[in-house]
Amino acid sequence: MPSGSRDNNLEKSRHPSSPQWTLLGCGALGGVFASLLTLSDQPTRVLLRDRHRATLHPGIDFTSLEGYTQLLAIERGFVSQPGKIKRLLVMTKANQVVPALTPLVGILATDTPIVLLHNGMGIAEQVVQLFPHNPVIAGVTSHGAMQGGHFVFRHTGKGETWLGPVNDAAKAHAYLAEDLASALGQAGWDEQILTRQWQKLAINCAINPLTALYKLKNGDLAGPRFADVLQQVCVEVADVMQAEGQATSSDELLRRVMMVVELTADNYSSMYQDMDLGRETEIEAITGFLLARAAKHGIAVPVNQGLYQAIKEKS
Ligand code: KPL
């Protein structure tokens, strides 16, 4: 199919035998993951808030990395009548995870794995408190996504995805990473997911506030204007990570940041998109989490503090 063309045949999942994914949170990234899971023939359903009952849409309008646009049939459920949830993939913004999951307390079977894929840290612990018996899995992903309208999604960058256990009950669920890999092209399981979460936090502390404040694409941060501030952000994050027992260096973090800047050069960060659309940002779960950990260890993080303040004032 030529680039940019549209295939109006509604695709149906052809292998309904594997357990169905239920996605909570159908923003840019959630929409792209729902599309990729559907395209890999894994039964997939999105769970919407009840206010969306009135705004039904015939399907997901999905544009792939290669520029192909397709209309995908996707099953919908509503939070007030969630039905049987076999595996839950939570892709809301960080600040929405707990409010979105709370209505499922007492409803979700205790053996249903809950996979959390959001930016920032400090949320998984709250989810374990809400669902003490469920397997809780944390994930990080660097895929790029944009939402162009109601149920209109574009995959803008192929990234890496890693999952790992937050509690003991989750340790038996590494197979979930394999299922995600068949949809995303790559996904891995890492028992030390906390380290990957910190590394992703460093990337988000560096890229997200700056791109949102200066209205830049990620790639614009490669210019000399931002070299100092990116380095200082990484020095501060490395100090906090080391105090948290995470072996790293500011050079390593800066290398990772610059790699993501390069790989996602054409993308707008999620914080840029949130600010642009007047939505709440994830600054609390990203830089806010770093500031809280820094305060606990008595570490000064003035550059991150300044970025946090600036985002709060502009939001
Ligand atoms: O995670 C991201 C985000 O935008 O939130 C990065 C990796 C910075 C990609 O844009």
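Axes are taken as lines fitted to C-alpha atoms, for helices over the stretch in contact, and angles run from 0 to 180 degrees between N-to-C directions. In this predicted model, helix H5 lies across strands E9 and E12 and runs at about 40° to E9.

Strands E9 and E12 belong to an open sheet of 8 strands with mixed pairing, in the order E6-E3-E2-E7-E8-E9-E12-E13. The edges of the sheet are formed by strand E6 (75–78) and strand E13 (188–189); each has a single partner strand, so one side of each is left without a neighbour in the sheet. Strand E2, spanning residues 21–24, pairs with strand E7, spanning residues 87–90, in the parallel sense over 4 bridges. Within this pairing, Leu89 of E7 is the bridge partner of Leu23. A further helix, H4 (residues 175–184), packs on the sheet and touches E2, E7, strand E8 (114–117), strand E9 (136–141), strand E12 (161–165) and E13. The direction of H4 makes about 170° with that of E12.

The residues around the ligand are Asn119, Lys200, Asn204, Ile207, Asn208, Asn218, Val260, Ser269 and Ser270. By class, 6 residues of the shell are polar, 2 are nonpolar and 1 is charged.

For Ser270, a polar side-chain atom lies 2.5 Å from a ligand oxygen atom. An N or O atom in the side chain of Asn218 is 2.9 Å from an oxygen atom of the ligand, and the corresponding distance for the side chain of Lys200 is 3.1 Å. Taken alone, the ligand exposes 280 Å², of which the protein buries 93%.

Key. Residues numbered from 1 in each chain as written. Predicted model: local features only at pLDDT ≥ 70, side-chain atom pairs only at ≥ 80, totals over all residues. Heavy atoms only, no water. Near = heavy atom within 4 Å. Polar contact = N/O pair within 3.5 Å; in protein donor to acceptor, adjacent residues only side chain to side chain. Areas by Shrake-Rupley, 256 points an atom, 1.4 Å probe, with all protein chains shown as cover. Nonpolar A, V, L, I, M, F, W, Y, C, P; charged D, E, K, R; others polar. Pairing = 2+ DSSP bridges. Helix = DSSP H or I, 4+ residues; strand = E, 2+ residues; numbered from the N terminus. Contact = heavy atoms within 4.5 Å.
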